[in-house]
Amino acid sequence: MSDDTIRLATIGRIIRRRRRFLIILALVGALLGYGASVLFPPRYTTSASVLLPGAWEERELLTQSEIATSSVVVDRAAATLGWSGVSGSELRGRVSATAADGNIIKISGTAETPQRAQRLADQVAQQFVAFAGRIAGDTADPDAAAETETLQQTVAQTSRRITELADAAGRGQSVESVQTRTELAKLRTMLQEAITKLKQADPAAGRANMVVMGPAARPTGEAPPTRTQLVAAGALLFFLLAVVGHLTAARMSRRLRTEPEIAAALGSVLLGSVDVPGERRAHRPEGRSTRAGLRRLLGIDVRWDVPTPRTSGDEAGRQVRYRRVCARLRDRLPSPRRLLVVVPDGDAIARRAAEQLVAEAGSAPSASPSGRRCPTLRVVGVPVSRPLVPDSGDESGVVVVLSAGSWTAGELAGIAEACADAGHEVVGIVLAGPVRRPTRSAGRPRDAATPALTVGEYATGGSR
């Protein structure tokens, strides 16, 4: 798994085999999200729009947005609202302003209730308009204002003089007088238009007239994240973390899965592979401790990183595999002798395979066509953390039975060293793999297979 590409089938296998554990983690995440929603009360947000007349550049609009959320504006809004226990510094975290299209500044306010959110946005908008108008008045050039006033007086005097000249030209008794009056009227109109354009071109005069575009709308729903969003986010986060954790653990796993790796770690040869009919209890660690019960409750006692067991042949076909292993074992020994069948503790599949192997060896014919007898086998469980194998006595030699993908190279090397310390040679290795039990077909009947298992149990009785 450590070198395999992560596929959707792998994630699907995690969800199928660890669905109880994933559901429990998702519920825990949902509870934490609900707890977060209780600790953080719901918030409501609304916005008030302020129109800035005239021509504005983008950077100027950004500056006005900063002014709208400045401490001066927010402090004045807080003083006007008079909320107990709420200062201007706290309100600054609840107010934001953005520049929108059309020279519009949107001022947003967030509060615990819809009414407070509406009042906050409206009050900040009003204080912003008042503060901006005062800035425009304070920053106006006094000389320019005086010159404008003088120009307006000059225009008024010129307009009166034009009226006097028009009256002196007569009431239109002649063509010349009519033309003169018409020209003077045009001059007066052009002069008034020039003054109007001059006023409109004054940036301070135009920009000071900011307008609040109506009161803010009262919010009808909570601002995100809502309680539902927090609960869903917590459940999804814990679910994804669990899946990623499974994939990371599989990537970092050093368990050996291939036959050459296992044979190299134990320093022996592979005698063959046998099938063990899959039973749910075969995948669970032995023992009835509290930890084992908790693992069963959470659904993490089932390995998810092993391939789906294939469907094996009938019982007779499975027994053929055991007999072939016995034949290869017999051929490797120069003379019949007693052997130990070493099984790592906790490998339930290998334990069942070893018992079946002992049963087949006990039920095999007394001698083969070559004249060699099948060795006598006895099952011994060896703890992987501190492996200890019985000393060489009646038995001389070891057959290691284990399942692929369950042990690391260091653990298997420790078993090999324990066998060498006890004076045993590792004669061969047998790999056990779970298979799905098919419909019983022709072959040895169930009643005929029972005595063989009894022999295996008798042979292994001394090691339990």
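Helix α11 (residues 259–266) has I262, A263, A265 and L266 as its buried residues, where buried means under 20% relative accessible area, exposed over 50% and partly exposed in between, with a 1.4 Å probe and protein chains only. These four lie on the same side of α11 because they cover an arc of only 160 degrees around the axis; the arc is that of the directions from the helix axis to the C-beta atoms. P260 and A264 are exposed on the other side of α11. The packing partners of the buried residues of α11 are β8 (395–403), α15 (409–421) and β9 (426–435), with contact meaning heavy atoms within 4.5 Å. Just after α11, G267 has a positive phi of about 65 degrees. Helices (H or I, at least four residues) and strands (E, at least two) are DSSP runs, numbered from the N terminus.

The model is predicted: local features need pLDDT of at least 70, side-chain atom pairs count only at pLDDT 80 or more, and totals for chains, interfaces and linings use all residues. Residues are numbered from 1 along each chain as its sequence is written, and side-chain values use heavy atoms, with hydrogens and water left out.

An open sheet comes next. Its four strands stand in the order β2-β3-β1-β4, with antiparallel pairing; two strands pair if DSSP finds at least two bridges between them. At the edges are β2 (95–100) and β4 (211–212), each of which pairs on one side only. β4 is joined to strand β1 (residues 44–51) by two bridges in the antiparallel sense, and V212 in β4 is the bridge partner of V50. Helix α3 (residues 58–68) packs on this sheet, where α3 touches β2 and β3 (104–111). The direction of α3 makes about 165 degrees with that of β2; axes are lines fitted to C-alpha atoms, for helices over the stretch in contact, and angles run from 0 to 180 degrees between N-to-C directions.

V50 also belongs to the largest nonpolar core, which has 28 residues. A nonpolar core is a set of buried Ala, Val, Leu, Ile, Met, Phe, Trp, Tyr and Cys residues joined through side-chain atoms within 4.5 Å. Within this core, V50, L91, I107, F128 and M210 touch the most other members. Two or more residues each come from β1, α3, α4, β2, β3 and α6 (114–138), and α6 gives the most, with eight residues. Leaving aside residues up to four places away in sequence, I107 touches T46, S47, A48, V50, A68, V95, S96, A97, A121, V124, A125 and F128. A second, separate core has 26 residues, including V341, V343, A350 and A353.

A parallel pairing is found between strand β6 (residues 338–344) and β7, which are joined by seven bridges. Here V342 has V380 in β7 as its bridge partner. Strand β7 (residues 376–382) is mostly covered, with five of its seven residues buried.

The model has six salt bridges, each defined as a side-chain nitrogen of Lys or Arg within 4 Å of a carboxyl oxygen of Asp or Glu. One of them joins the side chains of R92 and D75, at 3.4 Å from N to O. This pair links distant parts of the chain, since R92 is in helix α5 (residues 88–92) and D75 in helix α4 (residues 71–81), 17 residues apart. R92 counts as partly exposed because its relative accessibility is 33%, and D75 is also partly exposed, at 36%.

Helix α13 (residues 315–332) holds R321, whose partner D275 is in strand β5 (residues 270–277), 46 residues apart. The closest N and O atoms of R321 and D275 are 3.3 Å apart. R321 is partly exposed at 34% relative accessibility, whereas D275 is buried at 6%. R323, also in helix α13, is linked to E360 in helix α14 (residues 348–363), 37 residues apart. In this salt bridge the closest N and O atoms are 3.6 Å apart. R323 is partly exposed, with a relative accessible area of 42%, while E360 is buried, with 2%.
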